[in-house]
Amino acid sequence: METWLLYLSMVLKYTAAAALLFLIVMAPAYLARQTKKDKTNMGMVRLASWTLGWTLIGWLWALFKSTRK
């Protein structure tokens, strides 16, 4: 009976961690949308965030590009 609680807590923990990671990786795309970038720059930021967001350099580039005026 206690094992299903353990499994449920593990599933919830990993689901929350995956959702938080997804939000962090997609933050530059959200910021580009909020700063009203044109379609070309916003597309570059989204593409970089989706494809290179797992690397620190790609994520920082996308974050820089999304907040730069």
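Which residues make up the largest nonpolar core? They are Ala32, Met42, Val45, Ala48 and Ala62, five residues in total. A nonpolar core here is a set of buried Ala, Val, Leu, Ile, Met, Phe, Trp, Tyr and Cys residues joined through side-chain atoms within 4.5 Å. Buried means under 20% relative accessible area, exposed over 50%, and partly exposed in between, using a 1.4 Å probe and protein chains only. Helix H3 (residues 39-52) gives this core its largest share, three residues.

A word on the ground rules: this is a predicted model, in which local features need pLDDT of at least 70 and side-chain atom pairs count only at pLDDT 80 or more, while totals for chains, interfaces and linings use all residues. Residues are numbered from 1 along each chain as its sequence is written, and side-chain values use heavy atoms, with hydrogens and water left out. Helices (H or I, at least four residues) are DSSP runs, numbered from the N terminus.

Now let us look at helix H2 (residues 27-34) beside H3. Their axes come within 8 Å and cross at roughly 170°; axes are lines fitted to C-alpha atoms over the stretch in contact, and angles run from 0 to 180 degrees between N-to-C directions. That makes H2 roughly antiparallel to H3, a label for angles over 145 degrees. Pro28, Ala29, Ala32 and Arg33 of H2 make the contact (heavy atoms within 4.5 Å) with Met42, Val45, Arg46 and Ser49 of H3. By type, the contact residues are five nonpolar, one polar and two charged; Ala, Val, Leu, Ile, Met, Phe, Trp, Tyr, Cys and Pro count as nonpolar, Asp, Glu, Lys and Arg as charged, and the others, Gly among them, as polar. Setting aside neighbours within four places in sequence, Met42 touches Ala32, Arg33 and Lys37.

H2 also packs against helix H4 (residues 56-67), at an angle of about 10° with the axes 8 Å apart. H2 and H4 are therefore roughly parallel to each other, the term for angles under 35 degrees. Here Pro28, Leu31 and Ala32 of H2 meet Trp59, Ala62, Leu63, Ser66 and Thr67 of H4. This contact has six nonpolar, two polar and no charged residues.

Key: Helices (H or I, at least four residues) and strands (E, at least two) are DSSP runs, numbered from the N terminus. Angles under 35 degrees count as roughly parallel, over 145 as roughly antiparallel, 65 to 115 as roughly perpendicular and the rest as oblique.
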